[in-house]
Amino acid sequence: MNDQGHLNAHSAHVTPNPRFWIGAPREPGEPELIPGFLHRHACLLITGETNIGKTLVGLEIAYTLLTGTPLWGKLKPTRVLKYVTFIMGEHDKETLQTQWALLGFDPPEGLWVIPPPGRRLVAHGDTMVGNLDLYREWCQGSDLVMFDPLGAFASGEDIENDNAQMRAVISAMEVIAAPGALIAFAHMGKPAYDPKEGRYRQRETYATRGGSAIEDAVLDCFYMEADTDHGGYKLRQRKYKGSAPSFYRLTRDPATLRHTLVGQGATSSQLLAQRKAAIASRYENLRKSMTNP
């Protein structure tokens, strides 16, 4: 059978879906909910140590997307969402309400909080289909679903170091959030002791507790950490499919706990242009030294 015959045979058994055709018109609107930070149909992973402020950032993101208020005073969303669902794995609703009150935000109608139901998405290597379906029902119609923290939705022996199982957790979360956006908050891996330096060191890459598959599975990933050089906090870009700053530098108001964006790093394209300019400058200086000994 020639290639055309194979194509015709395939087409006879597959119903074309125009949504998946490469030539279909692009969906109207911007592909990012918050340019340089959050895509509208993908998973953003925010990784940080315990009590670094990940949940506060999540509440700020929810408020931004439900009201159109710029995130951290600077990052303007491209659209206003109707419904955001926050699924908690550690906190209770009252804890989240307390943090919301400290932030000083009015409660928008579109924010829904699901307290810890004790329902895992993956247990001992198996996806809990009944729990997955229940979460899907609860999140029906949500434009954005947030899970906090990632590790609370899986159980099993050494689960957080099992690449296959943790990737299954991300996949289940994506099914629940689809076709909307997904944000998962995760803990940093425990620091490893460096005998040469005589101290514990945090990993610079693949720092999410739970194996490298978690970061490989998501579209975007930022590490949240203390900014020891300037004070405050930093969201450092680990990966981003598109143009995003290498980091966002934040300050936190001690009274309201709100963050303010006070600086950001260059994008990858800007860094590449800087490197090219530096190389061109070195070659030019070398050429001049050779022609003018």
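I took two strands as paired if DSSP finds at least two bridges between them, and helices (H or I, at least four residues) and strands (E, at least two) as DSSP runs numbered from the N terminus. This is a predicted model, in which local features need pLDDT of at least 70 and side-chain atom pairs count only at pLDDT 80 or more, while totals for chains, interfaces and linings use all residues. Residues are numbered from 1 along each chain as its sequence is written, and side-chain values use heavy atoms, with hydrogens and water left out.

Strands. I found β15 (residues 247-252) paired with β14 (residues 233-239) in the antiparallel sense over 4 bridges, with F247 as the bridge partner of R236. I then followed β15 to β16 (residues 259-264), where the pairing is antiparallel over 5 bridges and Q264 is the bridge partner of Y248. β15 and β16 form a hairpin with 6 residues between them, and L257 in the turn has a positive phi of about 70 degrees.

Cores. I looked up nonpolar cores, meaning sets of buried Ala, Val, Leu, Ile, Met, Phe, Trp, Tyr and Cys residues joined through side-chain atoms within 4.5 Å, where buried is under 20% relative accessible area with a 1.4 Å probe, protein chains only. The largest has 41 residues, and F37, I46, I61 and W72 have the most contacts inside it; helix α2 (residues 54-67) gives the most to this core, with 8 residues. Apart from it I noted another core of 33 residues, among them L121, I159, A207 and Y223.

How values were computed: Buried < 20%, exposed > 50% of the residue type's maximum accessible area, 1.4 Å probe, protein only.
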